[in-house]
Amino acid sequence: MHTAPTVLVVVNSPTSGPRRLRGWLEADGLEICQRLASEGLPEDLSGIDGLIMLGGGLMPDEFDRAPWLRGERTLALSAIAEDLPTLGICLGGQLLADVTGGQVRARTGPKERGATLIHATADGASDPVIGGLGSGTPMIENHQDMITELPPDAVLLASSKALANQAFRLGDHVRGLQFHPEASAESLAGWDEAALTADGFSRDELVAEAQRVDAVNTAAARRLVDAFAAEVRAAFEERR
């Protein structure tokens, strides 16, 4: 039995870990159970008070390349059924949309890279986790695949200039994000320069802009994580 609020962090790619989220969550009093999905996932969410599913450069049903996605989808459905505090980020958010009747398409729509202004909707402004983004907060984005249609029961929480479905909520505590609160200007500096150039972007320019807005970005991402952690702690207390 866990003696502290516990978050399962699902890593779908060894290069796309929780980064700064881990330290923030630990500072908020949470115990982190980090699992590389390709090496196996828990069969259920017993003893888990919160779930984070990270990115990984995959489609949410790409079982040939990533057979573990079947198990991850089962965990996501369980989290939705329990209304467990959940953050699905990038692939994780797309997976939440896909398993509940939304639509995700590969390499669809305009590309967004680097620090992107994310705007909370009216519903997002009142959401405890997303509300801190306000009318426009720079968050790191690396948009490839796209949630083109939200699930029927989803509430749209945030958008950007190029992408309508940047954040959504299912129930009261399950949220999908297309942007990356775990990423910062430092992590952007490690992105594939050749791939960015091929897409018409300059890595140096993206890094410079991310560094310029780093303080605002970090503060907003920390508020988001702290609010999520508060929901995890509340879920833990309810289970005791």
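This is a predicted model: local features need pLDDT of at least 70, side-chain atom pairs count only at pLDDT 80 or more; totals for chains, interfaces and linings use all residues.
View 1. Elsewhere, salt bridges that share partners bring Asp127, Arg169, Arg175 and Glu231 together in one network.

**View 2. Arg73 and Asp98 form a salt bridge, with their closest N and O atoms 2.7 Å apart.** This pair links distant parts of the chain, since Arg73 sits in helix H2 (residues 69-82) while Asp98 sits in helix H3 (residues 91-99), 25 residues apart. Arg73 has a relative accessible area of 18% and is therefore buried, the limit for that class being under 20%. Asp98, by contrast, is partly exposed, with a relative accessible area of 21%.

**View 3. A salt bridge joins the side chains of Arg203 and Glu193, at 3.2 Å from N to O.** Here too the pair links distant parts of the chain, with Arg203 in helix H7 (residues 203-212) and Glu193 in helix H6 (residues 193-198), 10 residues apart. Arg203 is partly exposed, its relative accessible area being 21%, and Glu193 is also partly exposed, with a value of 40%.

**Overview. The structure as a whole holds 13 salt bridges.** Side chains of opposite charge can pair when their charged atoms come close.

Key: Residues are numbered from 1 along each chain as its sequence is written. Side-chain values use heavy atoms; hydrogens and water are left out. A salt bridge is a side-chain nitrogen of Lys or Arg within 4 Å of a carboxyl oxygen of Asp or Glu. Helices (H or I, at least four residues) and strands (E, at least two) are DSSP runs, numbered from the N terminus. Buried means under 20% relative accessible area, exposed over 50%, partly exposed in between (1.4 Å probe, protein chains only).
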